[in-house]
Amino acid sequence: MKSVTFLIKPASSLCNMRCTYCFYHDVAKHRETECMGIMREDTAYTLIQKACEAIEHKGIIQFTFQGGEPTLAGLDFYEKWIQMEQEICTDSMQIYHSIQTNGLIIDKKWAEFLKKHQFLVGLSLDGPAEFHDAYRITAQNQPTFARVLDTLRLLDQHQVDVNLVSVITKTSVQHPVQMVQTLKKLGNHPLQLIACLDSLDGQSENSLSADEYGQFLCQLYDCWLDDFRKGIYVSVRLFDDVLRMLMGMPATNCANRGLCGGYLTVEADGSLYPCDFYVLDDYRIGNIHDFSVAQAFQHDIYQNFIHQSRQRPHHCTDCRFLRICKGGCRREWINNTNPMCKAYFIFYEHALPSLYVIAKQQMSH
């Protein structure tokens, strides 16, 4: 393999927050073992070793740490991880690290470590305090906006690369302009804006309607386009990916690639799964202690998962935006339909004419 990506949950579903929309809490409660605890050193060693064995000379390994809350594994865990990498991996390998965190326990030592080892940090921040604190609270029911803002300032002081990751909720979906203006004021950070997911059991009180999310994207895009025309580029992952595709490059988000797969999710006990949204008993491939990376990718569960992702919702067949949308993320599909399809249709109809012009301009430069 030339490259391989692992999405690792070193603290499983453990978290020091109680976000009311948390998709991984929903996933964990649907499996027999809700929490696998903290990843043991021998499991981390085995994962690093098998990742290196799978990669060709000058290959690329991406280790992405998520949760739950991955910092709960402790800074010592990550320092030991880097030490083991240095012992196991060869200098010819390119290794990249990222971590998705709520930021609550990151201090100066954490910031120094993240900078030293060039971690890309995805920091969860849901816009203005009134939006963020409505959903993102501690286990003690305390607001977290101020603490996360302090963490962002600390990471910026240490020149750590930070993306801001914001979940669009029933509250913020009504205020796209306020949302993006607040995030922009926090510095020049790429933005990842993610629609709040329905629970595995269906719609919940946090679910968004297709109409309101579609209008949110259109208004957000108009803000983005206004900045672009003023010579200000604000990186919004969805818009970045559409531009990449219009310029003939692959999307960075699997939802826009039209095919699941490309990475392995690794739970704290070493269990392997084909996708972060499907860390469920029925999708468990096996354990990293018992499988090589190649064997995991060739396993029937993984291959069936990939095959199923090709079976797009029936209404995709005649859609004029299929080349860009690719059917969206299969986690949104319900009974061979995608309830959020209308949202993306509204957005693409609104934004694609100007995005085509921008893409053509970029390619001519």
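I began with the second largest cavity: helix H7 (176-185) and helix H8 (210-229) each give at least two residues to its lining. Helices here are DSSP runs of H or I with at least four residues, numbered from the N terminus. H8 supplies the largest share of that lining, four residues.

A note on the source: this is a predicted model, where local features need pLDDT of at least 70, side-chain atom pairs count only at pLDDT 80 or more, and totals for chains, interfaces and linings use all residues. Residues are numbered from 1 along each chain as its sequence is written, and side-chain values use heavy atoms, with hydrogens and water left out.

I noted my terms next. A cavity is a set of points, on a 1 Å grid over the protein atoms alone, where a 1.4 Å probe fits but cannot get out, and lining residues have an atom within 4 Å of a point. Volume is the space filled by probe spheres set on the points, which are joined across faces, edges and corners.

Back to the second largest cavity: I found about 40 Å³ of space in it. Among its lining residues are Lys184, Trp224 and Asp227. I sorted the lining into six nonpolar, no polar and two charged residues.

Then I turned to the largest cavity, which holds about 80 Å³. Its lining includes Cys316, Cys319, Gly327 and Tyr348. Which helix gives the most to this lining? H13 does, with four residues.

Methods
1 Å grid on protein atoms, 1.4 Å probe; cavity = no way out; pocket = protein on both sides within 12 Å on 5 of 7 lines; lining within 4 Å. Nonpolar A, V, L, I, M, F, W, Y, C, P; charged D, E, K, R; others polar.
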